[in-house]
Structures are given as C-alpha cells and as structure tokens.
Amino acid sequence: MSATTRRLTTAQALVRFLSAQYTERDGVRRRLIAGTWGIFGHGNVAGLGQALVEYHDTMPYHQGRNEQSMVHAAVGYARQLNRLSAQAVTTSIGPGATNMVTGAALATINRLPVLLLPGDYFASRAADPLLQQLEHPVEADVSVNDTLRPVSRYFDRITRPEALIASALNAMRVLSDPAETGAVTLALPQDVQAEAYDWPEEFFAERVWTVRRPAPDPVELDAAVAAVRAARRPLIVAGGGVHHSEAEDALRALVDATGVPVASTQAGKGSLRHDHPADLGGIGHTGTAVSDALARDADVVIGVGTRYTDFTTASGTLFRNPHVTFVNVNVTGFDAHKLAARPLVCDARTGLERLTEALAGYRVDEAYAAEYRQGKARWDAVVEAALRAEDDTAVPTQTQVVGALDAVVGDDDVVINAAGSLPGDLHKLWRARSPRQYHLEYGYSCMGYEIPAALGVQQAAPGTPVWALVGDGTYLMMPTEIVTAVQEGLPVNVVLVQNHGYASIGGLSEETGGERYGTAYRHRAADGSFTGAPLPVDLAANAASLGMDVLRAKTVRELRTALAEARASDRPTCVYVETDPTPTAPPAEAWWDVPVAEVATREPARQARERYDAQVAGRRRHL
C-alpha cells in the first residue's frame, strides 16, 4: 500500500467516508450522516455489519426492529434538524430492502434526506440465484432493490469498489441540496461490500457541503413585488419550506411590516405562533373557517415553501377569486411554478427578506386587517369550545384528548402525528407555540410513522418531551420500535387513542357511499358486516409487553394526570385512553376530491354521487 492509498473493504471505506461528511449553513456545521440504523441479514452482516463494528467509535449504530420503521425514524431525525443532518439505514437483501420502499417514498415526497444502504445480489454472479434473489427472465441485472428507483432522488448499484467514489460524492450532494433532497439509495452487492480496494486517502478527508441560500432573480423579484403592491386582499400560505429554511423570523418580519395574514399547511403550521394577530391557522380541507374564507376571496396568494397539495387547494376549489394571482417562493423551480405563479426560485428566508425590503411602505388596508382579526377571534372561540371538557369525570372525546395534551405540553415539546382523523383535528385545533412543536407527516400520511419518528426526533433533540399521538389503527401498523425506544433509552411518550377502528376512513366511507364497510375493529355480524362487539384486544397490555410504562386513563381528569406524569418521566411511557366516539371536531370548511361511484344500486352511493357532482363543478385550473 502506497502512502496515498488505504486498503479497506468497500463497506469499511463507505463508513469511513460517511463519518467525515458535514453540512454547513449560516456558519453552523453538523454531521451530514450522524448515525446508522440497521437490521442485519446475510446481505449486509458480513459487509456493512463488520464495518460498523470496525468504526463504531465514529459511526453510531442503532438497532431497529422493522425496516420501514427505521426509515421513519431517520426522517423524523432529519426533519427535526431542518434537513441539515441525516441518518443512514442498512438492510439485508430481499424483504429487508423492499420493506424500505414506503419509508423512501415518504422521505422523497416530504423532501427530507435519508441514506438507504440495502444489500444486493452478488455482482460477480458467483452464487446465482442466491437466497431471496429475484430472477428476471430478460433483465438479469434487475434486483428487488430496483423498486427503490422511483422513490429515490438518487439511485446507484455499486458493482465495483471504485464505483463507490463518484457515487458516494453524488449521494452527499443530493442529500445536502435543499432543492434536490429526499431518499438516496446506494444498493450494495454483498460480495462487493467485502471486497478490498486501495482507496485514495483524499476520499476520507473531511468534506463540508454548503447548504445554499440562493437569492431571488431580480426580474422575478420585481414582478412579485408589483403583484403584491397591487393586492387588496393578499394571503400568505406558509409551507414546510419555512421551517426547513429557518425562515420563521423573516416571515414574522414581513407580516409585521405589511399586515398580510398567514394560513399554514400541515407542514407549515407553527411558522407563526398561534397567538400572533396574523396567524389564521390551517388552510384547505382541514383548515380553519377564517383561513378558507380569506382564501376564497384572495387576490394575491404568496406561497412560501409549499407544494400546494390537494388538501391545501381543496382539490382546486379553494381559490375562487377570478383574478387571483400566485407568487411562489420556493427553492425548487418545480414547486415555484405551480398554479401558473410568478415564481421566486430561492431560499425561503432569503426570499422573504428581499420581499420585505422591496415592499417598504406597503401595508394592507385596516379594514382587511380588522376583518381577519375578527375571523381569527371567532375561530379561537370554536377551538376553545372543542378542546374544553365541561365534565372532567366523563370519557373524553378525541378533541378533548387534544385539549388535555395542549394543556400539559411546554412551548418546545414536539407532537407527532401522520394519519387517521387526528391530522384534521390537529390542523384545525392545535395551538402551535414554537416552530418545531407541530410535527405532522402529511405528504404521504403514512400510518405507523408516529412512533419510530418520535425516536428520531428524540435523538435529534435530547431532553425535549416528544409525543407520538396515535390511534389504534396506526398503532397496530407499527408498534415494534417501542422495543427500540426501551433499548436506546429514549423517553418518548405515546398517547394511544382507542376508538375501535379507522375513524377517518369510516367517516369518508360514509360520506362517499361506502357505508363504513370494513372500517371498524369489530366481530362480524351474521349478515357479514362488521357491526358486532368490539374485538377483545388490549393495546395497553401490548405496549407494556414491549417494555413501556403504561398509564390508563378513563376520564378527562385521569387523562390530564396521566399526561403530566408521562411528561415528567424519564422512561418510554404510553398513555392509553378509550374515547367517546361522538364527533366534536368542527366540520370541514372546504372540499376534498374523493371520486364517488358514478352508478350504483344502493341509495347512499347515489346520494353521495349527487353531492360529489355539485362540488366538482367548482373546480378550477389556474392557468
């Protein structure tokens, strides 16, 4: 070995390389890959497994129980740290690798970085077919890992050791680029993982990846400023990009200077504190009455770091002003050009700062400001009524569970949710007090995300109380990382809401003519329907069997006490509560398009189609 090379296996070289990668933004440096999650099998145990033992002092290792869960944990970690630090996930070949597809899709859809390192077949084909190999009749180079291609922002199969050099650098470039980031997959044939190579020392040198803050183009900025200055009823839609860019202060400065109100997407909630006079809460199908009312009449909509999903736009029916104009501040041109907008392709914080400077002297009319402040006050009263329990000896409703948690958390606690009926309740009702308190994964709305994501958030923010708020349906999808929380000593709190079924989809089924068929956790009745007694399942006992401390609450009063006890604990703790199923959340203020059967013999479906046709007629394409 010469003085300029180091002989290592491919897996050893990869771990050493990852340990020397950093991001830097605004003068703050972080490890780009701060740790590795893994479950070992024959596809990675002798390669990456051995390398992680070799370099355990520089690359922390976390043992997971489910491959999808590990990706969720890594995503939670990256989101908590505003995409400036990420984690890797290694799996064996076969089912271990394909189990990561859902997590990879979630990461890419939400624009969050995670590095996936699945094992793969023998590049030499010395063992062919090997255990768990997919034999394709006409494409011999295909493996099950190719299912990760469409859900990855970058994908490569490392069939020679030296190929890792260029591919690893490209992987870091994508992970650290706010306009490109998402899941990155390096598929690692198991023989190549163990193969030795003389690596150039420069490959292991410390490398810093600057996270850019691109400024807006002057021509685009002038056009955006002209549009806003002409506006009489402007509205800001704050998306997740506000948080990723750490642009909350810049947003507040713009709002304070101009008086333009702010509505937020699920990912953008908390961009302003809930008690800021211009914070109107959520927007769209799960939005507040004041946000959606203003959106319908807005003449200029300033989107900041938002993808404009169907929930935000009410499936194209929300922004009804015939002369509405969109100005989109987004680090990606793909999102900045949506809705035929005047694009500002730039970093969110930089773009907001430039907009504030260029809009000097502009302010909305006091009549408009008074209108949205009054609407906010009316909605605050709705929130208070939904969260309040008149009888603290009664079984709580779901919104009262949210209210009890709201009363217990501190400003910097993190509340995590992703799927079911809770995202709608939280978007309407949660009073976010800090930028990172409200952690909703709603790009993919993946059941099972909450508990593993809580582990990642806890790793990213030690000492911060972290709450995974889950329904029984979500809990049953993926509770196994409770064992990991116990093993890693991560004192996450799980609030387990038992309502005996899929509450959200049950309501949607009823609304669209499906008559709640197959949405309850109940015994089958004689007619084949799921209308029998609730199943004799004890989820609290299950959580306890996995190592959690469990507190059972039957009343609102007991719930408050249990939540306070959980927050004070230094152990993983589950608060289990069975809720009154009576709906207490405010109804949807805007539509969401779920196509209904065009023909049917059953009357509920025919009536649902009539309602659907009336709503879909209001859809508009912004061109």
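Is Tyr61 buried, exposed or partly exposed? Tyr61 is partly exposed, as its relative accessible area is 29%; buried denotes under 20% relative accessible area, exposed over 50%, and partly exposed the range in between (1.4 Å probe, protein chains only).

The model is a predicted one, in which local features need pLDDT of at least 70 and side-chain atom pairs count only at pLDDT 80 or more, whereas totals for chains, interfaces and linings use all residues. Residues are numbered from 1 along each chain as its sequence is written, and side-chain values use heavy atoms, with hydrogens and water left out.

Rings of Phe, Tyr and Trp (its six-membered ring) form a pair if their centres lie within 6.5 Å; planes under 30 degrees apart count as stacked, over 60 as edge-to-face, and the rest as tilted. This rule gives 11 aromatic pairs. In one of them, the ring centres of Phe40 and Tyr61 are 5.2 Å apart and the planes stand at 10 degrees, so the pair is stacked. Phe40 belongs to the loop between strand E4 (33-38) and helix H2 (48-54), and Tyr61 to strand E5 (residues 61-63), so the pair ties together parts that are 21 residues apart in sequence. Helices (H or I, at least four residues) and strands (E, at least two) are DSSP runs numbered from the N terminus. Phe40 is partly exposed, with a relative accessible area of 35%.

The rings of Tyr308 and Phe326 have centres 6.0 Å apart and planes at 85 degrees, so this pair is edge-to-face. Tyr308 is buried at 8% relative accessible area, and Phe326 is buried at 2%.

A further group of rings, Phe17, Tyr197, Trp199, Phe203 and Phe204, forms one aromatic cluster. Over the ring of Phe204 sits the charged end of Arg16, 5.3 Å from the ring centre. A charge sits over a ring if NZ of Lys or CZ of Arg is within 6 Å of the ring centre and within 35 degrees of the ring normal. Arg552 likewise lies over the face of Tyr576, 5.7 Å from the ring centre.

Helix H10 (residues 248-258) has as its buried residues Glu248, Ala250, Leu251, Leu254, Val255 and Thr258. Viewed down the axis of H10, these residues fall within an arc of 165 degrees, so they line one face of the helix; the arc is that of the directions from the helix axis to the C-beta atoms. Their cover includes strand E12 (234-238), helix H9 (240-244), strand E13 (262-264) and helix H14 (348-358), where contact means heavy atoms within 4.5 Å. After H10 comes Gly259, with a positive phi near 80 degrees.
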